[in-house]
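Hi there,

Here is the structure I promised to pass along.

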Amino acid sequence: MTTDATPAFPAIDPRRTALLAMDFQNGIVPIVPESDALIERVKGAIDDVRAAGGTIGYVRVAFTEDDWSAVPETNKVFSAVAAAKRLHHEDAATQIDARIAPEDGDIVVRKIRVGSVSTTDLHEQLRDRGIDTLILSGISTGGVVLSTLIDTADRDYRVFVLSDGVADPHPEVHRVLVNEVFPSRAHLIDTTQLSELLNAA
């Protein structure tokens, strides 16, 4: 049964859909307000997509020694990360929050830049599974979510952003992106609307 608001959104075929949980790792989750509530909402969304037969993908940012060595000085963000030897792939800070831990059969990729696609094989893994629809959740709205949204929209995925499954340490950045920028490239839904769309499938 759909609500009056649901018909505004395209139908979701769970078999061709992946929910991406991006940068929900121990060293990043605490930087946003009300992070415990955020994790609970994302956990509920993950459970809903799993139950409907969809795919769950996890993205984390983490570096090996070789990755640090290969970061050029021209990269404003990651040259500083490399110089400080931060976010080593074995550090606790780079591990996915245990409350939403991956399960067998999930996609898990490790990235070394802001977006989820440019330094991973995520696109290839999604295409191999016949995925054409993405649901984005992550920290931060102005970082991995923005970058991944632009990249995947350009690759012709149908993209949804979970408005209550993304967060940013800067509330105004979050507000402007969700309200003014994202709607031109993605469908904005919350976790309740996601559940309704999955139940209607």
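Leaving aside its neighbours within four places in sequence, which residues is R155 in contact with? They are V117, H123 and R127, where contact means heavy atoms within 4.5 Å.

Before going further, some ground rules. This is a predicted model, in which local features need pLDDT of at least 70 and side-chain atom pairs count only at pLDDT 80 or more, while totals for chains, interfaces and linings use all residues. Residues are numbered from 1 along each chain as its sequence is written, and side-chain values use heavy atoms, with hydrogens and water left out.

Back to R155: it sits in the loop between α5 and β5. Helices (H or I, at least four residues) and strands (E, at least two) are DSSP runs, numbered from the N terminus. With a relative accessible area of 31%, R155 is partly exposed; buried means under 20%, exposed over 50%, and partly exposed in between (1.4 Å probe, protein chains only). R185 lies 30 residues from R155 in sequence, and the two are 12 Å apart in space, C-alpha to C-alpha.

Strand β5 (residues 158-167) is mostly covered, with 8 of its 10 residues buried. On one count, β5 pairs with β4 (residues 133-139) in the parallel sense over 6 bridges; two strands pair if DSSP finds at least two bridges between them. L136 has V161 in β5 as its bridge partner. The chain gets from β4 to β5 through helix α5 (residues 141-154), in a right-handed β-α-β crossover. Right-handed here means that, with the strands pointing away from the viewer, the path from the first strand over the helix to the second runs clockwise.

β5 is also joined to strand β6 (residues 187-189) by 3 bridges, and these two run parallel. There, L162 has I189 in β6 as its bridge partner. Together with helix α6 (residues 171-181), β5 and β6 make a right-handed β-α-β unit.

Is H88 buried or exposed? At 11% relative accessibility, H88 counts as buried. H88 is found in the loop between α3 (78-83) and β3 (107-111). Leaving aside neighbours within four places in sequence, H88 is in contact with F63, E65, W68 and T94.

Best wishes
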